[in-house]
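Student: I want to look at a ligand site and the chain around it. Can you walk me through?
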Amino acid sequence: MEKIEEITKEVCKELIEPIERDIEDKGLYIPETLSKLGELGFFSVSFPREFGGVGLTFEEAVKSSIILSSYTSTLSMIIGAHQLASFSIFLFGSDMLKEKYLLELNKGKLIGAFSLTEPHAGSDPSAIKTTAVLDSDYYILNGTKAFVTNAGLANLYVIFAKTNPESGARGITAFVVEGNTPGLAVGHKEEKMALPYLPNATVTLKDVKVPKENVIGRANLGFIVAMKTLELGRILTAAGSVGLMERALRESIKYAKERTQGGQPIANYQMIQSYLAEMKTLLETSREIVLTASRKKDLNASDLGLYSSIAKYYATKSAVDVTRLATQIFGGYGYVRGYTVERLYREAKMYEIVEGTNEIQKLIIANQILKG
Ligand SMILES: Cc1cc2nc3c(=O)[nH]c(=O)nc-3n(C[C@H](O)[C@H](O)[C@H](O)COP(=O)(O)OP(=O)(O)OC[C@H]3O[C@@H](n4cnc5c(N)ncnc54)[C@H](O)[C@@H]3O)c2cc1C
């Protein structure tokens with residue numbers, strides 16, 4: 001095992017394993033654990049040292065993220081959403097934005113959120129209605145964002161708004177908005193199928209005044225900022241799914257060896273072995289495609305977007321299959337609250353939806369291969 005994986009495992013065993021159920025089932029210890037993970041560099045594994053990062057490759061960051069998410073989906077999702085904000089600024093932000101915000105984000109002193117979706121505009125972000133109107137040195141933002149991960153927890157929001165409403169995707173601009181800016185308010189909190197302590201809420205913007213130097217990149221570049229950021233986010237989402245599969249398989253192997261029926265461990269039955277073999281195959285093929293996609297990022301490859309979508313689609317779909325098989329191996333107990341596999345099955349479904357649904361990933365893949 002490589003060093004980053006060893007370190008992540010050690011930290012997870014020490015810091016997260018003893019309180020895993022408190023975090024996932026009761027929402028306890030979240031801010032303090034995040035702040036420890038921030039100090040240790042888990043918010044910025046692949047960011048350059050000059051911006052407060054650890055300075056490793058994206059592939060190493062992904063390997064670390066797989067391990068972290070096998071221990072805690074909630075914290076791994078919080079850090080993933082945070083990193084969408086950091087990546088937007090890192091990829092497109094001015095030196096001033098990087099200096100002012102990225103250093104703090106990378107150390108976990110600021111928590112970020114990435115706010116693209118609106119109540120009526122998810123898969124089609126070109127239809128967003130939030131507006132940003134220039135008024136001398138400020139933009140004035142009005143609108144409602146939906147499903148914002150880290151809403152309320154975050155003190156920095158990357159918000160996408162229309163600066164040229166007639167121009168669809170070409171009329172969107174990305175802004176850095178500080179969480180305490182007057183007019184920004186966290187609204188309705190979603191009660192989800194899983195991850196009850198992952199904050200997801202609407203964010204309303206009422207005459208929110210944002211300095212024009214807080215534009216990420218330049219005006220009307222926001223759609224590109226979002227898509228390029230999501231290429232990286234999708235790989236991290238896929239990594240999260242690999243972590244879930246790793247955990248589901250670990251739990252299933254242990255249970256299959258311990259649980260006896262018909263006078264022998266259920267692991268002796270070939271149908272259970274067939275499930276375990278299928279799970280291992282889906283886990284390892286997903287891991288490989290996720291690592292391939294992450295190397296595309298490290299190599300700055302032109303087909304990064306294609307591989308990011310393939311990894312997101314394949315790994316998240318596989319995670320639903322793997323966690324479903326895990327609950328089957330657990331029999332009735334797989335359906336009972338308190339058993340980890342029951343929780344993993346519900347969590348896995350989320351990964352098929354976020355950061356662009358799997359239908360959208362298939363559209364991206366098809367578009368890429370048809371245009372060649
Ligand atoms: C837990 C969670 C966390 C989230 N966090 C964030 C966040 O931090 N920031 C953020 O901006 N958003 C976030 N989202 C929102 C998420 O990105 C959207 O839910 C997702 O993009 C889908 O949008 P939608 O819900 O509006 O579904 P819709 O776009 O309405 O889609 C409904 C269905 O139609 C399908 N569909 C839509 N268009 C097409 C098409 N052209 N071809 C084929 N099928 C299509 C979809 O695939 C889906 O099956 C989060 C969502 C969840 C559940």
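Tutor: We take the ligand first, then the annotated spans. Keep in mind that this is a predicted model.

Student: Which residues come nearest to the ligand?
Tutor: T117, S123, T149, T357 and E359. They belong to a set of 18 residues around the ligand.

Student: What about T149: how far is its side chain from a ligand nitrogen atom?
Tutor: An N or O atom of the T149 side chain sits 2.7 Å from that nitrogen.

Student: Which residue puts a backbone N or O atom 2.9 Å from a ligand oxygen?
Tutor: L116 does.

Student: How much of the ligand's accessible area does the protein cover?
Tutor: 65% of it. The ligand on its own has 970 Å².

Student: Which elements give two or more residues to the shell?
Tutor: β1 (112-115), β3 (138-149) and α11 (358-371). The largest share is from α11, with three residues.

Student: Why say the ligand lies between domain 2 and domain 3?
Tutor: Because both of them give residues to the shell. Domain 2 runs over 112-220 and domain 3 over 223-371.

Student: Switching topic. What does UniProt place at residues 222-369?
Tutor: An unreviewed UniProt entry has "domain: Acyl-CoA dehydrogenase/oxidase C-terminal" there. In the model, that span is 78% helix and 3% strand. Its end C-alpha atoms are 25 Å apart.

Student: And residues 113-208?
Tutor: UniProt, again from an unreviewed entry, gives "domain: Acyl-CoA oxidase/dehydrogenase middle". Here the chain is 0% helix and 51% strand. The end C-alpha atoms lie 17 Å apart.

Student: Which residues does UniProt list for the N-terminal feature?
Tutor: Residues 4-108, as "domain: Acyl-CoA dehydrogenase/oxidase N-terminal" in an unreviewed entry. That stretch is 72% helix and 0% strand, with 19 Å between its end C-alpha atoms.

Student: What follows α8: is the phi of N300 positive or negative?
Tutor: Positive, near 55°.

Note on methods:
Residues numbered from 1 in each chain as written. Predicted model: local features only at pLDDT ≥ 70, side-chain atom pairs only at ≥ 80, totals over all residues. Heavy atoms only, no water. Near = heavy atom within 4 Å. Polar contact = N/O pair within 3.5 Å; in protein donor to acceptor, adjacent residues only side chain to side chain. Areas by Shrake-Rupley, 256 points an atom, 1.4 Å probe, with all protein chains shown as cover. Helix = DSSP H or I, 4+ residues; strand = E, 2+ residues; numbered from the N terminus. Domains from an automatic or database assignment. UniProt positions renumbered as here; feature names shortened; annotations may be inferred.
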